[in-house]
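User: I would like to learn how to read a model like this one. Please take me through it feature by feature.

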Amino acid sequence: MFRLQGSKTLAVDLTGDAVKAKNGSMVAYDGRMAFKKMSGGGEGLRGMVTRRLTGEQMVMMEVKGEGTCYFADRASEINLVSLHGETLYVESSNLLATDAGLRTGTTFTGLRGGASGNGLFTTTVEGNGRAAIMSDGSAVVLRVTPQYPLNVDPGAYIAHQGRLQQHFQSGVNFRTLMGEGSGESFQIRFEGDGLVYVQPSERNTVGGDV
């Protein structure tokens with residue numbers, strides 16, 4: 001069971017089952033627990049190949065046992081996402097924890113400005129269960145419909161889910177629109193039907209200042 005303690009700590013109650021979480025994010029636990037370090041980028045042979053090609057830096061651990069584990073990372077705000085056979089696309093630095101039954105991997109997202117350290121690939125979480133994602137400040141969940149596409153600064157993007165098409169538009173971002181940017185810049189455009197998670201703080205992006 002995932003539950004929030006305030007907005008910046010995730011409590012996970014375990015009864016012999018397991019949870020996968022960002023390596024080093026556990027701040028406390030009670031009960032009897034076993035820990036195993038996992039590599040990021042996905043499971044199995046495809047995950048190994050993807051990690052070597054992309055340099056994906058997501059490193060996770062599996063915690064299994066009976067009791068309660070508490071997770072947090074740099075006082076980031078935490079949001080819980082329920083998946084019902086869907087796929088969540090999330091920047092690896094923003095993924096805190098998932099149910100052990102959810103599958104994690106990576107997917108190619110196309111040519112883009114990209115967030116520093118995240119490359120051209122996005123982490124995927126799919127199946128049935130819950131995931132906890134982080135944001136710098138309280139995240140905003142924005143609805144995309146066929147009538148109302150959405151443009152997002154890549155530095156503020158966290159995650160998305162649903163039937164969405166993702167396009168990267170070069171030559172413009174929100175700073176260059178206001179005459180404050182320089183060089184080549186990018187926006188991410190979402191079209192279709194789904195949800196996009198945006199944080200109110202921008203990470204440093206390659207596309208913002210190249």
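User: How many helices and strands are there in the protein?

Analyst: Start with the inventory of elements. This predicted model has two helices and 12 strands. From the N terminus on, their order is β-β-β-α-β-β-β-β-β-β-β-β-α-β.

User: Where is confidence lowest, and where is it highest?

Analyst: Read pLDDT as the predictor's confidence in each residue. The protein averages 81, and 73% of the residues score at least 70. Helix α1 (residues 44-54) has the lowest mean, 49, whereas strand β9 (residues 140-144) has the highest, at 96. Residues 48-55 stay under 50, and the model gives them 10 contacts beyond four places in sequence. Residues 206-210 are also below 50, with 16 contacts beyond near neighbours in sequence.

User: What share of the contacts joins residues 24 or more positions apart?

Analyst: Take the contacts with a separation of 6 or more: residues 24 or more positions apart account for 77% of them.

User: What share of the residues is buried?

Analyst: Of the 210 residues, 48% are buried. The protein exposes about 10300 Å², with carbon and sulfur atoms supplying 50% of that area.

User: Which residues have the most contacts inside the largest nonpolar core?

Analyst: That core has 16 residues, and Leu10, Val19, Val63, Phe71, Leu96 and Ala97 have the most contacts inside it. Strands β2 (9-22), β4 (59-71), β6 (95-99) and β8 (121-135) each supply at least two of the core residues. The largest share, five residues, comes from β2. A second, separate core has 14 residues, including Val81, Leu95, Ala131 and Ile158.

Note on methods
Residues are numbered from 1 along each chain as its sequence is written. This is a predicted model: local features need pLDDT of at least 70, side-chain atom pairs count only at pLDDT 80 or more; totals for chains, interfaces and linings use all residues. Side-chain values use heavy atoms; hydrogens and water are left out. pLDDT is the predictor's confidence in each residue, from 0 to 100. Helices (H or I, at least four residues) and strands (E, at least two) are DSSP runs, numbered from the N terminus. Contact means heavy atoms within 4.5 Å. Buried means under 20% relative accessible area, exposed over 50%, partly exposed in between (1.4 Å probe, protein chains only). Accessible areas come from the Shrake-Rupley method with a 1.4 Å probe; for residues, only the protein chains shown count as cover. A nonpolar core is a set of buried Ala, Val, Leu, Ile, Met, Phe, Trp, Tyr and Cys residues joined through side-chain atoms within 4.5 Å.
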